[in-house]
Amino acid sequence: MGLLEGLIVYLGPWSWLLLALLLAGIEVVVPGTFFIWFGAAAMVVGLLALAIAMSWQVEAVLFVLLSAAAVLIGRRFYGRASKEGDGFANDRLGRQVGRLAVVDRAIEGGSGHIRLDDTIWRADGPDLASGTRVRIVGHRNGRFLVEPESGG
C-alpha cells in the first residue's frame with residue numbers, strides 16, 4: 001500500500017473534503033474558474049460519504065458525474081456572465097456614468113470642473129456652486145455631463 005493510498009484509507013470520507021480544499025486552493029492560485037467546480041464536487045462527495053457509507057468506486061463515479069455537471073453548469077453561468085459586460089471596456093468616461101462626484105470649480109455658463117475620486121475632470125451642466133454633489137449622466141467630447149444629485 002502506497003503512502004497516498006494509505007492516507008486516503010486512513011482519512012476515509014475526509015479525504016474528499018481535503019481534496020475539495022486543495023482544489024479550492026488551486027483555484028485561488030491559478031486564474032480562471034475551473035478547479036472550483038471539481039472542488040465543489042469533491043465537497044459534495046465528501047459530505048455524502050460522511051452521511052452515507054459508500055464504496056470508493058461509488059464515490060469515484062459520483063465525483064466524476066458531479067464534476068462534469070458542475071463544470072457544465074459553471075461554464076454556462078460564467079460564460080453568460082462574461083458575455084454580459086458593461087460595454088464600456090474601452091470607454092473610460094462611459095464607465096463613470098451614474099457615479100456621484102463633487103463640483104470642484106463652480107459650473108458657470110454650462111462649464112466647470114468636478115472631482116471624481118482623486119481626479120479633476122471638466123464637466124458640463126447647469127450652473128452649480130463648488131461643493132455641490134452631482135451625478136454623472138453622460139459624456140461628450142471628453143467632458144462629463146452632470147446634473148445635481150437628487151435626493152437619494
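Which residues of α3 are buried? Hold that thought for a moment, everyone, and keep in mind that what we have on screen is a predicted model.

Here is the list: W37, G39, A41, A42, V45, G46 and A49 are the buried residues of α3. This helix covers residues 35–51, and we can check its length. At 1.5 Å a residue, its 17 residues should span 24 Å, and the end C-alpha atoms are 24 Å apart, so the two values agree.

Now to the cores. The largest nonpolar core has 13 residues, and I114, V134, F144 and V146 have the most contacts inside it. The largest share, three residues, comes from β1. If you click on V146 and leave aside its neighbours within four places in sequence, you will find contacts that include I107, I114, A123, V134 and I136.

Next, the surface. L4, L7, I8 and Y10 form a nonpolar patch, with about 470 Å² of accessible area together. Of these, I8 is found in helix α1, residues 3–11. I8 has 45% relative accessibility, so this residue counts as partly exposed.

Let me finish with charges. Side chains of opposite charge can pair when their charged atoms come close. How many salt bridges does a search of the whole structure find? The search finds four, and I'll walk you through some of them.

Take D117 and R99, whose side chains meet at 2.8 Å, N to O. D117 lies in the loop between β2 and β3, while R99 lies in the loop between α4 (56–83) and β1, so this pair ties together parts 18 residues apart in sequence. D117 counts as exposed at 55% relative accessibility, and R99 as partly exposed at 31%.

Then we have D124 and R143, with a salt bridge of 2.9 Å, N to O. D124 sits in strand β3 and R143 in strand β5, 19 residues apart. Both partners are buried: D124 has a relative accessible area of 17%, and R143 comes in at 16%.

Finally, R133 and E149 meet in a salt bridge, again listed N to O, at 2.9 Å. R133 is in strand β4 and E149 in the segment after β5, 16 residues apart. R133 is partly exposed at 43%, and E149 is partly exposed at 23%.

How values were computed. Residues numbered from 1 in each chain as written. Predicted model: local features only at pLDDT ≥ 70, side-chain atom pairs only at ≥ 80, totals over all residues. Heavy atoms only, no water. Core = buried A, V, L, I, M, F, W, Y, C linked by side-chain atoms within 4.5 Å. Buried < 20%, exposed > 50% of the residue type's maximum accessible area, 1.4 Å probe, protein only. Helix = DSSP H or I, 4+ residues; strand = E, 2+ residues; numbered from the N terminus. Contact = heavy atoms within 4.5 Å. Expected span 1.5 Å × (residues − 1). Patch = residues over 30% accessible without salt bridge, like charges linked within 9 Å, V, L, I, M, F, W, Y side chains within 5 Å. Areas by Shrake-Rupley, 256 points an atom, 1.4 Å probe, with all protein chains shown as cover.
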